[in-house]
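Here are some exercises to work through with the structure in view. Try each task yourself before reading its solution.

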Amino acid sequence: MKRYKKAETNAVDGISFQVKAGEFFVLLGPNGAGKTTTISILTTTLSPTSGGATIDGSDIVREASAVRRKVGIIFQRPSLDQNLTAEENVRFHAVLYGIFPYAPTYALMARGYRAKVEELAKLLGIARDIHKPVKTFSGGMRRKLEIMRSLLHDPKVLFLDEPTAGLDVPTRRTLWEHLSEVRRTSGTTVFLTTHYLEEAEEADRICIIDKGKVVSFGTPDDIKRDLVEEYVLVDATDRSALRDELTRLGHATSGGAPFKVQLDGHTVHSILRSIETPLSVVKTHTPTLEDAYLEIVSKTSE
Amino acid sequence: MSEASAILALAHRDFIKLLRDRQRMVADFAFPLIFIGILGTSLQAGFGSQAGGLNLLDYVFTGVLAQTVWQSSALGLISLLADREQDFSQEIFVSPISRYSIILGKILGESLVALPQALGIIAFGFILQIHMGPDQLVRMALAMLVIALFGGAFGVIVLANLSSQRAANQIFPFVMLPQFFLAGIFNPIQHLPLPLDILSHLAPMRYAVDLLRDAFYGSSSGVVLSSATTNLAIIGTLFVVFMVVGTFLFVRAERNR
């Protein structure tokens, strides 16, 4: 739980969840839901007002230093030093994490460091620009550089706080491809916050929060199934025959024609096959995650 | 080992930043040169004959030299606040190194930034024909190193009680300007009325200025207020207190927002 000073309500209010190792986990919620606060607490930059958490067995309050060593983080707002070159930013990180001893120039840094920088820069497609000042980088390149930097110390968990906010669609897509590539090669647990739904569709599990509380938790399919009804709309020229038949088959219908038949675990195919009345209209309704999300968020904001 | 390496990296980063910021380098030189070149020269020309053998240009020169190094280093620490506003400090503060190492690296870095400024002022002193022998210069260099570190620690304690760069810009003149006079950069402070004398003893800058004058004039000159040993003991104690209390307060303010 976290209540900011001078705030009247809790920014994060009794949320609780588990993330499995190697998982792609998404924390989803509208603006102001408490996503960044949650990440700040988990990465030890904020102290919780009460409650606690452990990351890979280390307590975020009592063993903050151990936690910091195990996590990598991409902040919502870029955290690169504009006065330095890309490589200097990376070098700075490597030294702060105690991976390589410090040397004042790239050429003097350890061979292992240079190999790693080259490898990661290639993976993220910024090998050509690695010695240029960060000032000259575009928003997308800066994000890539931050991802590259955060992977340098082989974090157990990589936290990304709305990493694609403010990027255009092509940049977002390539960044995403790079990130899945990274996930495949390193097996790092990825903890993402976002309000872009298409980024959550591929998650292993999603936790939806709003106003500091957990609203829904599960796989994308679970969330869709639990929260939005799936149904098939049918209609026929002979409406009364259809209504009688649907009632006989035990399908709950609601309202008038066209009739809404809840799937309740059946497949659309099996329902249609059981109906003998000639149908004039068949419409299936399978919600997207976006529908589910809007549903959830609109419910809590009432 | 890795802590030492991290401290070096932090310090080097500040130094790189200075080298790439030409505007700041010029601005940093302007004030001391005005104080010494105009105020120091005119005081000596006007009142020098009545000062009982004390060269007022020398007096202002040594005062401004100590003040510049001390203040530059203290102000530099405030850049941690600017880093926070640009969100670069997030990167530093999620890293596993000790918070004390972060502050120590920062102090070291800002000392590295303050010392080239001192070189410029000393070069200006030679132009004004202020006499400094080699042994004097060595003593002054050592004193300035101590002063720079001390100024940095003072910056930490100020920083720990501020929330933003804007607050810092508003508060800093009130913290610094009185010390200019309480530490006797331009004015004599040997014979102060009791209330001012108490305030003068409370102003940390006093000990920095006195230490440098000791290095320049020597302890038997009558200009120096306390012995180098006393000054060093006071500076050492204040350094540790500022550093430990300041870091503690700063980190607490960062995490409990």
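**Exercise 1: where two chains meet**

Describe how chain A and chain B touch.

Step 1. On the chain A side, 26 residues are in contact with 23 residues of chain B (contact: C-beta atoms, placed from the backbone, within 7 Å).

Step 2. Helix 2 (64–70) and helix 3 of chain A each give at least two residues to that side (helices are DSSP runs of H or I, at least four residues, numbered from the N terminus).

Step 3. Sorted by class, the chain A side holds 13 nonpolar, eight polar and five charged residues. Here Ala, Val, Leu, Ile, Met, Phe, Trp, Tyr, Cys and Pro count as nonpolar, Asp, Glu, Lys and Arg as charged, and the others, Gly among them, as polar.

A note on the model: it is predicted, so local features need pLDDT of at least 70 and side-chain atom pairs pLDDT 80 or more, while totals for chains, interfaces and linings use all residues. Residues are numbered from 1 along each chain as its sequence is written, and chains are lettered from A and ligands numbered from 1 in the order written.

**Exercise 2: the dimensions of chain A**

Find the radius of gyration of chain A and the box its C-alpha atoms fill.

Step 1. Chain A has a radius of gyration of 25 Å, whereas a compact globule of 302 residues would have one near 19 Å (taken over C-alpha atoms; the globule rule is 2.2 Å times the number of residues to the power 0.38).

Step 2. Along the principal axes, the box is roughly 85 × 45 × 30 Å.

Step 3. Among contacts in chain A between residues at least 6 apart in sequence, 69% link residues at least 24 apart.

Note on methods:
Contact = placed C-beta atoms within 7 Å.
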